[in-house]
Amino acid sequence: MSRTETMGLTKRGMLQSGSCNRLMERSESLKRDNVMSNGGSAKVKGSLERKKSKSFKEGETFPSWLITDAPGSIAAVRREQVAAQQALRKLKIAHYGRSKSTLTNFNSSKIVPLVHPNPQPHPQRCSFITPTSDPIYVAYHDEEWGVPVHDDKTLFELLTLSGAQVGSDWTSTLRKRHDFRKAFMEFEAEAVAKLSEKEMNAISIEYKIQMSKVRGVVENATKILEIKKNFGSLEKYFWGFVNNKPIATNYKFGHKIPVKTSKSESISKDMVRRGFRYVGPTVVHSFMQAAGLTNDHLLTCYRHIPCTLLSTTP
């Protein structure tokens, strides 16, 4: 009800003056509330409109790459993490000799200077040689593993060590290599074949070698003497299986190197038929690697090419 209508009703006597005043105050209050409400909506609407970009167009869509490739997006962060992991992996492979602290610091910085204490970087070896590998095992890899052997005594020694490391590992066996040489007379097959039961027992106690393995070495020595009679030498017997030429392999990854092959299985069968002991296919393959009958150095290993070149020298 407007102010004019209220005044008219009062003059006519239809409303008392007190009621008239109350109606007028109520009307004014409603008007103020309405003005404030409309003003607030206008302000909110105005603020929303101001937040819109000038280049914004209704119904406009954006390609997904603007979201996934944007700096700070989840995809961008993930790409940085993958790149950092790949760089760390390459660093571990190429610089295995570096200290652990250097590799740990890589996580806190994206760039690691490849600084060596000497101008010559460490050579890249087969993947089973790690920074924690025992120096005696590293030296064996660098100097003997894969080198063609043609000496009968050394072949007998490597065959014995290959059988001895069953249930153990090459590092532990190499540490006892000197004891094996003393126990079995520098691997003179003729002398070893003459060992008595009492002497074998003494060797087992003194050098802490299982009695069964001591007997196996002595029996293998007697079979080697028979091989020498039939083939002229142990060297001719073993190298005859590969036509006097080492088997050339080209493995790129360590997990590709087999524990046995068809060739080691055929050699193992022949040796078992002749009465040799501890000459399973896996042991024979390990012996072939040690004696250079097969060159299983990885293509990335710095010893692969030298061992390949040595294979032509009897």
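Glu-190 is partly exposed, at 35% relative accessibility; partly exposed covers values between buried (under 20% relative accessible area) and exposed (over 50%), with a 1.4 Å probe and protein chains only. This is a predicted model, in which local features need pLDDT of at least 70, side-chain atom pairs count only at pLDDT 80 or more, and totals for chains, interfaces and linings use all residues. Residues are numbered from 1 along each chain as its sequence is written, and side-chain values use heavy atoms, leaving out hydrogens and water.

The side chain of Glu-190 meets that of Lys-228 in a salt bridge, 3.5 Å from N to O. The term stands for a side-chain nitrogen of Lys or Arg within 4 Å of a carboxyl oxygen of Asp or Glu. Because Glu-190 lies in helix 10 (residues 189–192) and Lys-228 in helix 12, the pair ties together parts that are 38 residues apart in sequence. Helices here are DSSP runs of H or I with at least four residues, strands are runs of E with at least two, and both are numbered from the N terminus.

| Glu-190 | Lys-228 | 3.5 Å |

Glu-265 is partly exposed at 30% relative accessible area, and so is Lys-260 at 41%. Elsewhere, salt bridges with shared partners join Glu-144, Glu-157, Arg-177 and Arg-181 into one network. The count of salt bridges comes to 13.

What does Val-192 contact, leaving aside its neighbours within four places in sequence? Its partners are Phe-156, Phe-184, Met-185, Val-217, Val-218 and Ala-221, where contact means heavy atoms within 4.5 Å.

For the chain as a whole, the secondary structure comes to 16 helices and two strands. Of its 314 residues, 34% count as buried. Among contacts between residues at least 6 apart in sequence, 62% join residues at least 24 apart.
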